[in-house]
Amino acid sequence: MITLESRNVELAIDPWLGGGMLAFKWRGIDVFRPHTIGTSPLGLASFPLTPFCNRIAHGHIDCAGHGTMLPIAPDGVEPAHALHGVGWTSPWATDDFSAESANLSLQHDGTLWPWSIKTQQRFDILENGYSHTLSVTNRDQHPMPAGLGLHPYFPRADAALALEAKGFWKTGPDRLPQEYRLLDCAPEWFEHAGFDNCFAECTAPIIIDWPTHRLKMQPSANLCFAHVYTPPGEDFFCVEPVSHIPDAVNSDLDKAATGLVMLDPGETMEVACRFELEELT
C-alpha cells in the first residue's frame with residue numbers, strides 16, 4: 001500500500017488491487033467510501049477505467065479488423081457484459097512515489113484486451129484534495145479504440161449532487177444505452193428507482209455537498225460524460241467522469257456522439273480530474 005499525505009489530505013493506494021484507492025480523506029473525513037474488507041476491486045474507494053469505460057455488450061468487440069470476446073465481469077457481477085476495462089482487475093507497478101505524489105503503470109500484452117497497451121496513473125496531493133491523471137498508449141501494430149475514466153464511490157448519507165448536462169442515455173433492461181434524451185430539468189438523483197445512466201455534454205465542475213463540506217470535481221475537457229449510479233438501498237453512489245458512453249466500441253453512431261477515440265500505433269490518450277474540498281458553514 002502507498003500512503004500520500006499532507007496537512008489536510010490523505011490518500012491510500014493499493015497498486016496490487018487494480019491500482020485502486022483504499023481511501024481519500026480530507027481533514028480526517030472520508031470523501032470517498034472507504035475500502036470494504038475483501039480482495040474484490042468492487043470494494044475499493046475508487047479505481048481506474050482503462051482502456052474502456054463501463055460495459056461492452058456480451059464482451060464482444062468487432063472493431064478495426066479485430067473480432068474477439070473479452071472476459072465478462074468478475075465474481076458473477078453483470079455476467080452478460082465485459083466491465084470497466086482491464087486496469088481495475090490487474091496488479092500495477094509502482095514506478096516512483098514521494099510523500100505527495102505517486103506514479104503507477106501497467107503493461108498489457110493483448111490477452112485480455114486485443115491490443116497491446118501501456119497505461120499509467122499519477123496521483124498528486126493538492127492543498128485541499130488531489131489530482132488524478134490517467135493515460136493509455138497503443139503499443140500495438142494496429143489502431144485501437146480507447147476510453148478512460150475514474151470510478152469513485154461516495155458516501156450517500158445526506159449527500160446532494162449538482163451535475164449539469166445537456167442530456168443522458170437512457171439505460172435499457174440489458175444495462176446498455178438505449179436512447180438519448182435531452183434534459184429539461186435537474187434529475188432527482190436519489191429517487192427510489194435510482195440511476196444507472198450516462199450523462200452527456202457535462203459542464204464542470206461536478207459538485208457534491210454534505211452537511212459540513214463540499215467536493216468539486218474538475219474533469220478535463222475530454223471527460224465530457226459522467227456515469228451516475230445511485231443504486232436504491234445502498235449506502236454509496238457513484239459519479240464517474242468518463243470519456244465515452246457504455247458499449248461505445250460497438251455503437252453505429254458517430255464517434256463524436258459516443259466519445260470513442262481511435263488511437264494509432266504509438267499514440268497516447270490522457271485524461272485528468274481534480275478533486276478539491278472546501279468547508280461549508
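**View 1. The largest nonpolar core of this predicted model has 60 residues.** Phe24, Trp113, Leu163 and Ile208 have the most contacts inside this core. Strand E25, residues 268-279, supplies the largest share, five residues. Another core lies apart from the largest one. This other core has 22 residues, among them Cys53, Tyr153, Phe225 and Leu260.

**View 2. Trp113 and the residues it touches.** Trp113 is among the residues with the most contacts inside the largest nonpolar core. Residues up to four places away in sequence are not counted here.

**View 3. An exposed threonine, Thr111, in a loop.** The loop runs between strand E11 (101-108) and strand E12 (117-126). Thr111 has a relative accessible area of 61%. Thr111 counts as exposed because this value is over 50%. The side chain of Thr111 makes a polar contact with the side chain of Asp109, at 2.9 Å. Pro71 is 40 residues away from Thr111 along the chain. The C-alpha atoms of Thr111 and Pro71 are separated by 10.0 Å.

**View 4. An open sheet of eight strands.** The order of the strands is E10-E11-E12-E13-E25-E21-E20-E16. The pairing is antiparallel. Strand E10 (93-97) stands at one edge and strand E16 (160-164) at the other. Each edge strand has a single partner strand, so one side of each is left without a neighbour in the sheet. On average, neighbouring strands of this sheet are turned by 15° against each other, direction ignored.

**View 5. Strands E20 and E21 side by side in the sheet.** Strand E20 covers residues 203-209, and strand E21 covers residues 213-219. The two strands run antiparallel. Four bridges join strand E20 to strand E21. Ile207 has Lys216 in E21 as its bridge partner.

**View 6. Cysteines without a disulfide.** The count of disulfides comes to zero. A disulfide needs two cysteine sulfur atoms within 2.5 Å. For Cys202, the closest cysteine sulfur is in Cys198, 7.3 Å away, so the two are too far apart for a bond. For Cys273, the closest cysteine sulfur is in Cys202. That distance is 12 Å, also too far for a bond. Cys273 is buried, at 1% relative accessibility.

Terms used
Residues numbered from 1 in each chain as written. Predicted model: local features only at pLDDT ≥ 70, side-chain atom pairs only at ≥ 80, totals over all residues. Heavy atoms only, no water. Buried < 20%, exposed > 50% of the residue type's maximum accessible area, 1.4 Å probe, protein only. Polar contact = N/O pair within 3.5 Å; in protein donor to acceptor, adjacent residues only side chain to side chain. Core = buried A, V, L, I, M, F, W, Y, C linked by side-chain atoms within 4.5 Å. Contact = heavy atoms within 4.5 Å. Pairing = 2+ DSSP bridges. Axes fitted to C-alpha atoms, helices over the stretch in contact; angles between N-to-C directions.
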